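User: Could you walk me through how the labels on this model are assigned? I'd like to see the values set against the criteria.
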Amino acid sequence: MNVRNRIVAALVCAAGLFSAAFAQNVINVPGEASTIAQAMISARMGDTVKVAPGVYRERVIMAPGVALVSSTTFGAKIDGGGKGTVITMARNSSIIGFEVRNGTVGIFTSDLGNTISNNRIVNNWMTGIITVRHLPKIEDNVIAFNRASGIQGWDVRSTAASINHNSIAYNGNHGIALGGLSEIIIENNIIAFNERFGLKVLQDLDKIQVSSNNFWRNLFQPGKPLPENNFAFDPAFIAPRSNLDFKPDPGQCCKEKGSDGDNIGARLTY
């Protein structure tokens with residue numbers, strides 16, 4: 001074999017090894033693993049941990065690059081047992097379709113490339129989502145009935161991710177609270193019935209893009225009026241307290257559409 005052919009063969013072999021190393025693997029819970037935490041121990045970058053319906057009483061530290069997916073929307077419920085952080089995310093990880101409940105904090109994230117979508121994050125003793133430094137994609141979630149704020153961020157920056165199309169309601173403190181030098185996009189959310197401010201910021205709003213959100217029956221933050229292009233109308237949730245149903249009643253809602261033409265708030269089917 002000449003030198004050129006040996007180089008080509010070596011490159012092909014290396015490419016095969018690289019592909020094998022990053023091939024996607026699905027780990028079923030229960031099945032290949034009895035708990036979510038056990039699945040995360042064996043999961044590698046690119047893997048999916050797929051969770052069947054049921055209540056999982058555990059606190060989960062995610063592995064980098066792993067997707068944590070409920071097989072049915074809200075069918076898998078991760079219960080933190082009343083203390084600690086229920087889900088701690090790692091770089092380039094995602095959590096999709098769960099009910100995350102009964103922790104001190106529902107989800108904590110501080111790394112690049114994370115996604116939190118299509119979840120119900122409810123009844124945590126403090127905050128629903130805490131995000132530090134790097135904003136994850138937070139989209140199509142119900143974040144409600146947490147005793148502190150729905151989302152708490154500190155020094156959060158993003159060039160691609162945003163807080164988009166969530167229903168953030170009935171939290172015991174603020175809907176969204178931002179500290180430090182945060183620079184993010186907040187759009188197409190319903191932020192309603194929170195006991196304090198819908199949006200609490202420590203700095204001026206000029207570096208935070210806030211548009212096409214529906215702010216309803218939260219306290220007003222003195223000295224920091226919301227920018228134009230936001231709304232204030234009753235979101236007409238169907239049964240938020242009795243059934244955690246935050247879909248809008250089509251007979252009463254909705255007066256306005258989001259920036260993308262969809263209904264404002266979480267776009268969930270369940």
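**Sheet and aromatic pairs**

Analyst: Happy to! Nine strands make up an open sheet with parallel pairing, in the order β1-β2-β5-β8-β11-β14-β17-β20-β23. β1 (26-29) and β23 (209-211) are at the edges with a single partner strand each, so one side of each has no neighbour in the sheet. This is a predicted model, where local features need pLDDT of at least 70 and side-chain atom pairs pLDDT 80 or more, while totals for chains, interfaces and linings use all residues. Residues are numbered from 1 along each chain as its sequence is written, and side-chain values use heavy atoms, without hydrogens and water.

User: How do you know that β14 pairs with β17?

Analyst: Strands pair if DSSP finds at least two bridges between them, and strands themselves are DSSP runs (E, at least two residues; helices are H or I, at least four), numbered from the N terminus. Two bridges join β14 (residues 137-139) to β17 (residues 163-164), which run parallel. Here E139 stands opposite N164 in β17.

User: What makes β1 and β2 partners, and how does the chain get from one to the other?

Analyst: Four bridges join β1 to β2 (residues 48-51), running parallel, and V29 stands opposite V51 in β2. The chain crosses from β1 through helix α2 (residues 36-42) to β2 in a right-handed β-α-β crossover; with the strands pointing away from the viewer, such a path over the helix runs clockwise. β2 also pairs with β5 (residues 67-70) in the parallel sense over four bridges, with V51 opposite S70.

User: Why is the pair Y170 and F193 called stacked?

Analyst: The structure holds six aromatic pairs. Rings of Phe, Tyr and Trp (its six-membered ring) pair if their centres lie within 6.5 Å; planes under 30 degrees apart count as stacked, over 60 as edge-to-face and the rest as tilted. The centres of Y170 and F193 are 4.9 Å apart and their planes lie at 10°, so the pair is stacked. The two residues are 23 residues apart, in distant parts of the chain.

User: Why is Y170 called buried?

Analyst: Buried means under 20% relative accessible area, exposed over 50%, and partly exposed in between (1.4 Å probe, protein chains only). Y170 has 17%, so Y170 is buried. F237 and F246 are buried too.
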